[in-house]
Amino acid sequence: MKINDVILQAITKIVVFIILTLAVYLFFSGHHTPGGGFVGGLVLASAFVLLCLAYDVETVQKGIPFDFKYVAALGALIMLIVGLGSIVFDVPFLSQSFTSMESSLFGKIEISTVTLFEAGVALSVVGVVVTIILSISKDV
Amino acid sequence: METLIIILAGILVMVATYLILSKGLIRIVLGAAILTHAIHLLLMTMGGLKKGDVPLLGENAASYTDALPQALILTSIVINFAVTAFFLVLAYRTYQELKTDNLNAMRGFKDE
Amino acid sequence: MSTVNMAIFIPFIAAMLIPLVYKKLPRLHIGWIVLVIPTFLFIRLACYIPTIARGETYLYTAQWIPSFDIYFSTYLDGLSMIFGLLITGVGALVILYSIYYLSTKESLQHFYIYLMLFMGAMLGVVFSDNIMVLYVFWELTSISSFLLIAFWYHRKGSRYGARKSLLITVGGGFAMLVGFIMIYTMTGTFHVREIIAVIGEHKESHLFLPAMLLLLFGAFTKSAQFPFHIWLPNAMEAPTPVSAYLHSATMVKAGIYLVARFTPVFGGEAVWFWLISGVGLFTLFWGSFCAIRQTDLKALLAYSTVSQLGMIMCLFGIGSASLHMDANIEAVLYTQATFAALFHLINHSTFKGALFMVVGIVDYRVGTRDIRKLGGLMAFMPISFTVAVIGSFSMAGLPPFNGFLSKEMFFTAVLHVRKLDIFAMDTFGILFPVIAWIASCFTFIYCMIIVWQTFFGPYRREKLERKSREASPGMLIAPVTLALFVVGIFFFPNVLGDYILKPAMASVFPSFQSDNYLRQPISPWHGFNTELMMTIGILIIGTLLYMSRRYWKGIYNLVPDSWTLDNLYNNTLTQMEAGSSFITSFYMTGYLRHYLLYMYVFFILAVGGVLVYTGAFDFHMANDAPINSYEWMIAGVVFTSAIAILFAKSRLTSIILNGVIGYAIAVFFVLFRAPDLALTQIVVETVTTALFLLCFYFLPPWRKENAEPRSKRVNLVISIAVGLVFILVALSVKSGKLFDTIAVYFENADELAGGNNIVNTILADFRAFDTMLEVIVLLIAGIGVFSLIRLKAGKGAEKIED
């Protein structure tokens, strides 16, 4: 299905980057302000959806050539590994830990296994949503 | 406010139930989606409405609104999305294969 | 992790790796690699023998579900050592044997996966200290046994046997689980060690007897005791290595293990004594009686296993009597029965394993196991013949084989028990030696049948499928090894007694530990006593009966065929299937609307009914937050769009209206101070609407509901009632505060989880497990959507339905 919609495509090119930036911001700010893995992942996915609406699926797939099913599975795997990691340290499954460090450049930085966990969530969400959308639109 | 929201959720439940009981596939999918909205409103109300500030510790407020229902609803929203997507595809694939969306016509064979 | 924990996990890990290795090395018989595992475990366990023999035990505990008192704790003592050695030792021999028995054309990877699964589960059963963990492994052995019996699933008999064994053993397992829960209710612990320590205070509890009975139910079904023995003969449809391993050496002894393990808990009770020794004695008799009429060698061996298991069971029952007394000389007489039981347990595994393997060889070489066709194989298979003679004579209780020793000890025990003056034994005690002696006569007869019918007599080439010749040397290693043990144990029984049996006795009788009474030296010669006379009697009477058996075979026809337990089982199953299908088809009409109506009507009646019945309704608006004018407007929007959906004329309208409701609710979330929810809701609603529109082309048209007015009215009434019940319950809950909020705990999120966003910390820290499972749900839905769309059934696929 070829859509010839120049205005939408032109806007999409710019907007997608804004959405992506928003997604990354939401993802990283999640632990302290609204946001997090779910929203980040969903916003990221909606960027792909917009791309698919503005261009056709083949073009998008050419630009982003990975299989989103694997992305989803990778996300779940990351979560599992983070969870199992805590068993190695002899604490119950999925216990998170955090620490903060001072950096001259950025000030206080907090490092936490939650970020990894959330990354797994986000990857899974992106993978699943895009898989669903792509498989429906390929059926057209 | 709470009473209003509860009654509103109740009306959503009525609508959803009526839709789910109908024969058309799409109505059922929509009914399930609306039912989730009603449940979200209910959960939200159970934690108390506008009882404190946004549950962000950075705000340094005197009291925060109950965060637990919010966490539950957040989980529910995502699951609802997954279920709706699955229902939707199930509905349209069923329609494609069987050429009908009437549930009564979809009844399986007698001798199954 | 301790060695014992590893011993349980290694087979499971191996089971996971087998498919990979199988693909990588298609030319190699995978059994050679699998063989390494039991051999390694056997050696590793054997290293513990010296320390265990000194009376040490190893307890290792790992957390599993601490909040439910479920710990993955393993316990290695003398009793579990015996079983551990049997499982790994016989396991190694059986795998070695199976390498030659199963050709590479069979689906070997499945076979060895199931076998490893079984081995891990069985080791789990004997090493677990926590009874819940024990139960999990217990059922796992049933399942792996099911899979192995149904290995040749294209045969009807295999499927039948597999289902029968599963139904009976898992049924017993459920009963046992209930028994375990009762024990937990009484004692408050799941640990066998602690149960033994505190059970004395609970002997008067009304749960004590039911718990014991349910536990025994599980043990009897697993160990094929009468009347549950009927599954074992049908289980012989499994490949012979499986029969030798699961259905004679290990799995069927799990019930015996359970009885031994729980003897310190329940032993000394009259019911325990009578049930175990009575059922065991009768099983001993019935198994040997039924074995004689069998024409299939494996069925004969199955019945003989039933009979031998009954004998071991009976000995444990007699031994438990000693717990009724204090540790004095008299009590020691009865502990000898337990000693004999443990001894015979090992002996039985050796000679029965060897016999099964020989029968497997005969079947493999000649193509039949029917004794009416077999005969005269001695000349062709001299080594198999020798092993068969050693095995059978040992089973018959003849010297110089280990079976003789344990059989003599069995006679000693039943002769002693006659003199017991508790449990009303003075009246019925005489039955024990009499029945034991009769059963031993039958045992002698079927042992002779195995040897004579197979290896002597005329050789009938025309009835056999293949030309007979001796098996390959590799196939003979395992049975010959077992036969060597049969002979070796006869000559050096006390090595086994000191190192293996004595520590096991200490675990069965922990209260007698200080005394040295627990071990008696085993000697083959006691002089001309009653036991020897009994054996000589068996020899004479048994030979006479064997010679004349065609004259008295008529007694098997006295009871009509329709009266057998098998028939009872089959009929019960058929009746239950018919009954449940009748009931199910009564309400499962195939209309979704009906199912939903059941649920809704139940909801209205149950929830609404409780509300009315308890008078819990309570409503006041005192604590309500004030409502602004714009909030009224949003509520109005939701209300209007909800009602409008009902009257929508097209798909597009209804989809958009649904979107409107979603966005309005997002606005509500903003008003209710839930920024995370509002964000998520908006994005999700957008994506959902996009999804709806993507599918738009495929979706069925929006038709007017052309249902009958009557069913429409019913729907309307039901939905209004559901909504009303919902509102009433919600209002009552809102008005009455029964509990304090627990959200205060989460307000420490910064210290506990290092985050300022409470909602996010709940999701990712406090309840991370939920979140993980939620993502899994999402993943499953994604895979579901993908496969629904991609994997369309081809034209040919419709035939699967038939």
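**Chat notes**

Modeller: Of the 140 residues in chain A, 47% are buried (under 20% relative accessible area, 1.4 Å probe, protein chains only; exposed is over 50%, partly exposed in between). This is a predicted model, where local features need pLDDT of at least 70, side-chain atom pairs count only at pLDDT 80 or more, and totals for chains, interfaces and linings use all residues. Residues are numbered from 1 along each chain as written, chains are lettered from A and ligands numbered from 1 in written order, and side-chain values use heavy atoms, without hydrogens or water.

Biologist: What order do the elements of chain A run in from the N terminus?

Modeller: They go α-α-α-α-β-β-α, from DSSP runs (helices H or I, at least four residues; strands E, at least two; numbered from the N terminus).

Biologist: Switching to chain C: is Ser440(C) buried or exposed?

Modeller: Ser440(C), in helix H19 (residues 431-455), counts as buried because its relative accessible area is 2%.

Biologist: And which residues does Ser440(C) touch?

Modeller: Leaving out residues up to four places away in sequence, Ser440(C) touches Lys407(C), Phe411(C) and Ile538(C), with contact meaning heavy atoms within 4.5 Å. A polar atom of its side chain also sits 2.8 Å from the backbone oxygen of Ala436(C).

Biologist: What about Ile541(C), which helix is that in?

Modeller: Ile541(C) belongs to helix H22 (residues 530-547) of chain C. With a relative accessible area of 35%, Ile541(C) is partly exposed.

Methods: Polar contact = N/O pair within 3.5 Å; in protein donor to acceptor, adjacent residues only side chain to side chain.
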